[in-house]
Amino acid sequence: MTDQTTRPSGIYRSRVRRKNLLLALLLLALVASVLSDVAIGPVSLGIGDVLRGLFDPSGTELRTRVVLWEIRLPGALMAVVAGGALALAGAIMQTILNNPLASPFTLGISAAAGFGASLALAFGVAVLPFAAYIVPANAFFMAMLTAFLIHLLCLKRQATAETIVLFGIALVFTFNAALALVQYFASERAVSAIVFWTLGSLTKASWESLGITAAVLALAAPLLARRVWALTALRLGDEKAVSFGIKVPRLRLQALMLVSLLAAFPVAFVGTIGFIGIVGPHIARMLIGEDQRYFLPAATLCGALILSISSIVSKSLIPGTIFPIGVVTALIGVPFFITLVLSSRKPTW
């Protein structure tokens, strides 16, 4: 008799259990990282103090409550939300463009969002009529515009994956030059504000900015979850996806609009953070495979975990000093990404 575990249905159930277990382990690691991030800082807190402060704020001393709820918790949770959003955006871009180097950072979307935010910070220029949220609105508009340009390039039959990457690199240099021009004409105070988010920082995260970024992620994630089968089919190639009845141009346009949304708001609130959108999806792909039902949640958790760990490292390198989070992610991401490239293997479904 054929063993139950060797049947196709048994193999499938075994792989599903393994993927669910990996997702659960990633979630547990993320919770542990967030607790450690909240505990570490100039005023050291024990894990017990953190748990008591979270579940019984009224029974916690005033100093601990202020440090926990007003200073550290918004930054620690922003690391989770921003990292998850950037990694999810990178995962979607790699899927719809069929390019392992695609991410909001490498294709210029993050740079465009940064340029839009700098116009608001330096000159008060509003490209959209949302005065209360001029910085994220500007960032979203520029990111959306860049994503639309990439989409137009994808519609050309001659546009290969290499062409799209080169076009993205050209956009990165273009918006970086425009950003430098804005800094040249901006006031000293505006330049300091621009440099703040250029380097990336979680120290100025607030409950308001956290709520907005989390709302964007909560809006985009279910919309993408409804398209997981179409996105999985797209990994088989455009012709195969079309044969399944999928309208590939519309799917790419919708996905790119959501990517611009996911990339714009973290950049506007915490600054330009690179490599999360590349490294997070690659780790998820090595662990889970290409099935978008599991790949997208895994990429989100990996991105959140990487940025949360980076937040811990930024506070631990030199006691009393908090390094810019964008610098830390680059220091961690560059060698890790090189290692991924050199040791890459074909993912399993």
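**A cavity lining and a helix face**

The lining of the largest cavity is made up of four nonpolar residues, two polar ones and no charged ones. The model is a predicted one. Which residues line this cavity? They are Leu86, Pro104, Phe105, Ser110, Ile273 and Gly277. The space inside comes to about 30 Å³. A search of the whole structure turns up one cavity of 30 Å³ or more.

Ser110 sits in helix H4, which covers residues 109-123. Is Ser110 buried or exposed? Its relative accessibility is 1%, and buried means under 20%, so Ser110 counts as buried. Leaving aside residues up to four places away in sequence, Ser110 touches Pro104, Phe105 and Val267.

Now turn to helix H7. H7 runs over residues 188-199 and has 12 residues. From its first C-alpha to its last, H7 reaches 17 Å. That is close to the 16 Å expected at 1.5 Å a residue. Which residues of H7 are buried? Ala190, Ile194 and Trp197 are. Viewed down the axis of H7, the buried residues fall within an arc of 70°, so they line one face of the helix. Glu188 and Arg189 are exposed on the other side of H7. Just after the helix comes Gly200, with a positive phi of about 85°.

How values were computed
Residues numbered from 1 in each chain as written. Predicted model: local features only at pLDDT ≥ 70, side-chain atom pairs only at ≥ 80, totals over all residues. Heavy atoms only, no water. Helix = DSSP H or I, 4+ residues; strand = E, 2+ residues; numbered from the N terminus. Buried < 20%, exposed > 50% of the residue type's maximum accessible area, 1.4 Å probe, protein only. Contact = heavy atoms within 4.5 Å. 1 Å grid on protein atoms, 1.4 Å probe; cavity = no way out; pocket = protein on both sides within 12 Å on 5 of 7 lines; lining within 4 Å. Points joined across faces, edges and corners; volume = space filled by probe spheres on them. Nonpolar A, V, L, I, M, F, W, Y, C, P; charged D, E, K, R; others polar. Expected span 1.5 Å × (residues − 1). Arc of directions from axis to C-beta.
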